[in-house]
Amino acid sequence: MKPNFSLRLRVFNLNCWGIPYLSKHRADRVKRLGDFLNRESFDLALLEEVWSEQDFQYLRQKLLPTYPAAHYFRSGIIGSGLCVFSKHPIQEFTQHVFTLNGYPYMIHHGDWFCGKAVGLLVLRLGGLVLNAYVTHLHAEYNRQKDIYLAHRVAQAWELAQFIHHTSKKADVVLLCGDLNLHPKDLGCRLLKEWTGLQDAYLETRDFKGPEEGCTMVPQNCYVNRQELEQFPLGIRIDYVLYKAVSGLYISCKTLRTTTGHEPHSGSPLSDHEALMATLCVRHSPPQHNPSPTHGPAERSPLISVLREAWTELDQGMAQGRWWATIAGYVIGLGLLLLALLCALAARGEIMEVAVLLWTPSVGLVLAAGAFYLFHVQEAKGLCRARAELQHVLGRAREAQDLGPESQPAGLLGQQEGDRAEEQ
C-alpha cells in the first residue's frame, strides 16, 4: 500500500418503511428511491425495512447498471428487512439473527416475527478490506414504559460482539442502520464504547440536515407526530458509524440528510430521513496515530456502561423468570382442572359441563405452556448476555487495577491489538 494512499467512500443509509399493505405510497416511494440511488451513484447503499422481497427484486433490476452487487438478508417469518447494493464486488457475506427480539404475543408490534438481525458484507477496495454492517434493532414504542429495553440492550451487545469477532481482519469497519436508540441511550453508548466506532454526525465538520442530526422529523408527512410530542425537533435513531485500524485514519468529510422530503421530487422517501456520508480513508498522520495504551481515566467510561448494561439485563432476566413462574402456576392449575373434569366425566357426573370446560382448559394449558417456554428462553438469552458482560467487566476491572502497562488485549482498542498480533 502506497504511503500516500487515500480512498473516498460515499455511503447511503435509509429505513425504507416498506411494510406491504400498511405503509403509505410504498410502490411509488420504492420507485423514486431507485431513481435517486441511480442518480447519486453511491459506493454503498444500505437499506432497512425492505419487508417485501418483491421490492428488493424490483430495486435489484433497476439498480443493476449502477450497483452490480446486491444482497438481501433473509430471516424470521417476515424477514430481516435488510439489503445492500454495492458498486464493488462482494467478497463475502453473512448475518447474525438476534437471540431476543420482543414478544410473539405482542402481535400489533410485530418485531418478533421480523427476525431482526445484523448483516455483514466484506469488500476489497483499493487494497483495503472493508467490513460493512447493516442492522435494525427492536423498536421502542413507549419511552416512558419501555418493556423492550432489556431486549434492545441485549441486541446492542450482540451487535457489538458480532462486530468485534468478525472485524479482526478488516482495515475499515462501517456500521449503518436504524438502531432505535437515541445517542445517549444505554445501548448506543455500550455499542460505541466496546467497538470504538465513531459517529459520523459527531465527527464531521460539514453537516447539512435537520437540527441535531434528527432522522425522524415532524416536517415529514409520514411521521406520527404524537410520537414526537416530547421531541419538537425530532429524534436521531439512524446512524453511520465507522473506524479504521492502527496505521489508517478515517474521517467523515461530509454528512447530509434529507429534511422531510427527497431533494429532487419533494416527496419523502420514507418516514425516516436518509443519511448520505462521504468518508475518507488514508494513512494516519503522526498526530492521529492511536495511543497503544489506555489509562484508567480512559477505561472508566467502558466500565461504567458495562455496569449499567449488566444491571439492565439482570432486571430483565428477573422479570422473564417471574413471568415463567406465573405461567408455571397456570399450567399446574390447568392440569388440575383437566384431571378434575376427567374424573367427573368418568363418574358420569355433570357430563355436559365437563365437556364444555374441557376445550378451554386444554387451550389454557397450551397457551400457558407456550408462554412459559418463551419466557424461559428469554431468561436464558438475557442470562447468557449478562454472563458475557460480567466476564468483560471483570477483565476491564483487572486491567484497571494492573494499570496500562499490563492491560490485556481486547479492552478498549481491542481491534488494534488483535490486528497487530495477526500482522
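Which side chain does Glu308 meet in a salt bridge? The partner is Arg189, at 3.0 Å from N to O, where a salt bridge is a side-chain nitrogen of Lys or Arg within 4 Å of a carboxyl oxygen of Asp or Glu. This is a predicted model, in which local features need pLDDT of at least 70 and side-chain atom pairs count only at pLDDT 80 or more, while totals for chains, interfaces and linings use all residues. Residues are numbered from 1 along each chain as its sequence is written, and side-chain values use heavy atoms, with hydrogens and water left out. The structure holds 17 salt bridges.

**Glu308 and Arg189**
- Because Glu308 lies in helix H7 (residues 296-346) and Arg189 in helix H5 (residues 186-195), the pair ties together parts that are 119 residues apart in sequence; helices (H or I, at least four residues) and strands (E, at least two) are DSSP runs, numbered from the N terminus.
- Glu308 is partly exposed at 34% relative accessibility, and Arg189 is partly exposed at 27%, where buried means under 20% relative accessible area, exposed over 50%, and partly exposed in between (1.4 Å probe, protein chains only).

**Glu158 and Arg384**
- A salt bridge of 3.5 Å, N to O, joins the side chains of Glu158 and Arg384, linking helix H4 to helix H8 (residues 351-402) across 226 residues.
- Glu158 is buried at 11% relative accessibility, whereas Arg384 is partly exposed at 42%.

**Arg152 and Glu140**
- In the salt bridge between Arg152 and Glu140, the closest N and O atoms are 3.8 Å apart.
- Arg152 is buried at 2% relative accessibility, and Glu140 is buried at 16%.
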